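Dear colleague,

Here is the structure I promised to pass on, with the sequence alongside. Please have it open while you read, and my notes on what was found follow below.

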Amino acid sequence: MAIELRDAGFVYPDGSTAIQRIDLTIESGERVAIVGQNGAGKTTTVKLMNGLLKPTSGVVLVDGVPTEGRTTARVSRQVGYVFQNPDDQLFAADVRSEIEYLPKYLKWSKEKTAERVERAVRLTGIADHLETNPKDLPTAIRKFVAIAAVLVSECDYVILDEPTAGLDMRGLALLHGLLDSLQAEGIAVVTITHDMRFVIDAFTRVIAMAQGSVVVDGPLSSVFCDDGVLERSRLKRLDVAQIARDLGLSSTAVTLEDVEVLIP
């Protein structure tokens with residue numbers, strides 16, 4: 001099972017090219033971060049993955065089936081998408097109704113609905129807010145409500161758009177735990193983010209993009225320790241990587257753990 005982009009491209013109706021010749025595969029259970037400056041093509045790429053956009057060239061496959069000709073609603077049941085701004089997704093009068101909307105729409109049994117809602121609530125830590133109007137909740141909690149509304153489905157892939165924006169330390173800890181739980185269930189998580197601290201703490205595979213193309217797809221060091229990649233992607237070298245290089249300890253260290261093993 002996988003999401004595959006094969007020579008995928010997308011041109012907007014005004015003729016502007018968003019991405020071109022993208023080849024990517026996201027396997028079940030993977031955690032993948034997509035980084036790059038605004039305009040690099042990150043958002044277009046992930047919207048192709050869940051059918052919000054259809055490629056204007058090449059093909060996008062979800063579990064071997066092209067998204068072309070399938071409705072966005074159908075694809076999004078396999079590939080959930082959590083937007084950066086939760087207000088773009090939330091509409092119900094209370095949190096419970098928000099999470100139960102999809103099960104009711106799909107006419108699931110009461111037993112299945114209860115099971116899926118309980119799981120989504122547990123994973124996102126929002127049990128104390130089920131009777132609250134989402135508009136009355138802080139942004140950080142609304143983010144987890146939006147995540148729960150996606151996780152209630154039976155998706156095998158989840159896309160998170162800037163998930164750490166507005167989160168405090170408790171929210172970040174909950175998000176890390178959520179990623180671990182999803183990976184343990186074999187659910188792949190793809191994030192687009194400008195939070196490099198989150199990337200190095202939570203991901204081992206990074207895709208750097210620039211000007212609508214993939215610059216590199218590989219481990220953390222392939223992005224954050226390569227001057228050419230950093231320049232093309234307009235990213236900064238991480239402080240730990242810079243210090244390790246300046247001290248002559250390593251040219252591939254990215255995290256503090258990488259450096260600690262090198263110190264006698």
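Before the sheets, one convention is needed: two strands are taken to pair if DSSP finds at least two bridges between them. Please also bear in mind that this is a predicted model.

On that basis, 4 strands make up an open sheet whose order is 2-1-4-5, with antiparallel pairing. Its edges are strand 2 (17–27) and strand 5 (65–66), each of which pairs on one side only. Strand 5 is joined to strand 4 (residues 57–62) in the antiparallel sense by 2 bridges, and valine 62 has valine 65 of strand 5 as its bridge partner. Packed on this sheet is helix 1 (residues 42–49), which touches strand 1 (2–11), strand 2 and strand 4, and whose direction makes about 55° with that of strand 2.

After helix 1 comes glycine 51, which has a positive phi near 85°.

Strand 3 pairs in the parallel sense with strand 8 (residues 188–192) over 4 bridges, and arginine 31 stands opposite valine 189 of strand 8. Strand 3 is also joined to strand 9 by 4 bridges, again running parallel, with alanine 208 of strand 9 as the bridge partner of valine 35.

Strand 9 (residues 205–210) in turn runs antiparallel to strand 10 (residues 213–219), to which it is joined by 6 bridges. These two strands form a hairpin with 2 residues between them, and in the turn glutamine 211 has a positive phi of about 50°. Alanine 210 has serine 213 in strand 10 as its bridge partner.

Turning to helix packing, the axes of helix 3 (residues 95–105) and helix 4 (residues 110–124) come within 10 Å and cross at roughly 145°, and the crossing is right-handed. The residues that meet there are Ile99, Glu100 and Pro103 from helix 3 and Thr113, Val117, Ala120 and Val121 from helix 4.

Lastly, the aromatic rings: how many aromatic pairs does a search of the whole structure find? The search finds 5. The rings of tyrosine 81 and phenylalanine 83 have centres 4.6 Å apart and planes at 40°, and because planes between 30 and 60 degrees apart count as neither stacked nor edge-to-face, this pair is tilted. Tyrosine 81 is buried, with a relative accessible area of 6%, whereas phenylalanine 83 is partly exposed at 26%. In the pair formed by phenylalanine 198 and phenylalanine 203, the centres lie 5.3 Å apart and the planes stand at 85°, so the arrangement is edge-to-face. Both of these residues are buried, phenylalanine 198 with a relative accessible area of 3% and phenylalanine 203 with 2%. Ring pairs also link Phe91, Tyr101 and Tyr105 into a cluster. The charged end of lysine 112, finally, sits over the ring of tryptophan 108, 4.4 Å from its centre.

Notes:
Residues numbered from 1 in each chain as written. Predicted model: local features only at pLDDT ≥ 70, side-chain atom pairs only at ≥ 80, totals over all residues. Heavy atoms only, no water. Phe/Tyr/Trp six-rings, centres within 6.5 Å; stacked < 30°, edge-to-face > 60°. Buried < 20%, exposed > 50% of the residue type's maximum accessible area, 1.4 Å probe, protein only. Lys NZ or Arg CZ within 6 Å of the ring centre and 35° of its normal. Contact = heavy atoms within 4.5 Å. Axes fitted to C-alpha atoms, helices over the stretch in contact; angles between N-to-C directions. Left-handed = near helix turned anticlockwise from the far one by under 90°.
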